[in-house]
Amino acid sequence: MLTGVVATAIILWAASATAYIVDLASEQRRTASLARLLATLALPATLATGVLIAVDGGFDRLARVDSVLVLLSTLLGAALVAGQLPARGREPITALGALVAPAIAVLLAVFLLIQHRAGAAPQDVSAILLIHIALATLGLGNFALASALSALYLTQERQLRTRRFGALFHRLPSLEVLDLVTFRLTIAGFAIFTLALVMGVYWAVQTGHTELTLRIWLSAGAWLVFAAVLHTRITSGWRGRQAAWLTIAGTAAACATLAIYLVA
């Protein structure tokens with residue numbers, strides 16, 4: 001049953017991504033409503049995947065790294081669907097959907113491929129560990145959204161710099177809006193990720209999981225990248241393209257840490 005639900009979610013997110021992309025490429029916006037509808041249908045299927053995981057293996061099952069992919073997918077999907085409600089199809093949400101929806105489909109596909117090969121959850125799962133995982137996933141979700149907006153910023157900025165205005169130019173918000181929203185998402189993600197990192201270190205020390213030292217250092221490295229993003233912006237006035245690239249680099253570092261967890 002789990003496999004069928006995940007496959008359904010993947011198909012719906014992939015179809016939604018296709019509709020978002022077609023809508024962006026079309027001047028008549030014929031698929032905007034379809035894209036939003038498919039995303040709205042895909043979210044319950046994604047949420048049902050997490051519920052089935054918990055029912056099948058208990059909440060301890062959520063501590064497995066492959067389950068984090070489902071949690072991250074649910075958070076990103078919820079943010080996208082929630083953003084559609086007040087926006088009513090405005091261009092930023094459409095452009096964001098063209099980036100987020102396919103990413104969710106990929107995350108769920110990876111979960112489907114590795115769920116039987118992923119390692120068992122730690123034997124001493126505690127509330128601290130589960131909260132750590134939830135916060136780390138929420139922080140990564142914020143960073144992922146910030147990176148998606150950074151990618152849109154770079155696209156818009158390049159068109160202005162080269163004076164080659166493509167189809168997206170009039171369908172995206174101003175650079176100032178993109179930069180401000182990205183900054184706010186980064187601040188929120190950094191605060192959440194900081195708390196998650198502290199709790200993760202505390203759990204590792206208390207339970208004696210010294211084999212996680214490398215992963216902790218990698219997580220700290222991702223944290224330092226985002227600290228640099230905020231520091232350079234607040235103290236040195238770095239904004240725009242430099243901040244956008246640093247945000248993408250920080251998210252890549254955080255994703256690399258998650259990838260190491262997956263293959264370990």
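Trainee: Where does leucine 41 sit?
Mentor: Leucine 41 belongs to helix H2, residues 32–57. Helices here are DSSP runs of H or I with at least four residues, numbered from the N terminus. Mind that this is a predicted model, where local features need pLDDT of at least 70, side-chain atom pairs count only at pLDDT 80 or more, and totals for chains, interfaces and linings use all residues. Residues are numbered from 1 along each chain as its sequence is written, and side-chain values use heavy atoms, with hydrogens and water left out.

Trainee: OK, new topic. Which residues lie nearest the centre of the second largest pocket?
Mentor: Leu76, Ala103, Ala144, Thr251 and Cys255, out of 21 lining residues. Helices H3 (65–87), H4 (91–114), H5 (127–162) and H8 (240–263) each give two or more residues to that lining.

Trainee: Which one gives the largest share?
Mentor: H8, with 7 residues.

Trainee: And what about Leu76, buried or exposed?
Mentor: Leucine 76 counts as buried because its relative accessibility is 6%. Leucine 76 is in helix H3.

Trainee: How far is leucine 76 from glycine 141?
Mentor: C-alpha to C-alpha, leucine 76 and glycine 141 are 6.1 Å apart in space, though 65 residues apart in sequence.

How values were computed
1 Å grid on protein atoms, 1.4 Å probe; cavity = no way out; pocket = protein on both sides within 12 Å on 5 of 7 lines; lining within 4 Å. Buried < 20%, exposed > 50% of the residue type's maximum accessible area, 1.4 Å probe, protein only.
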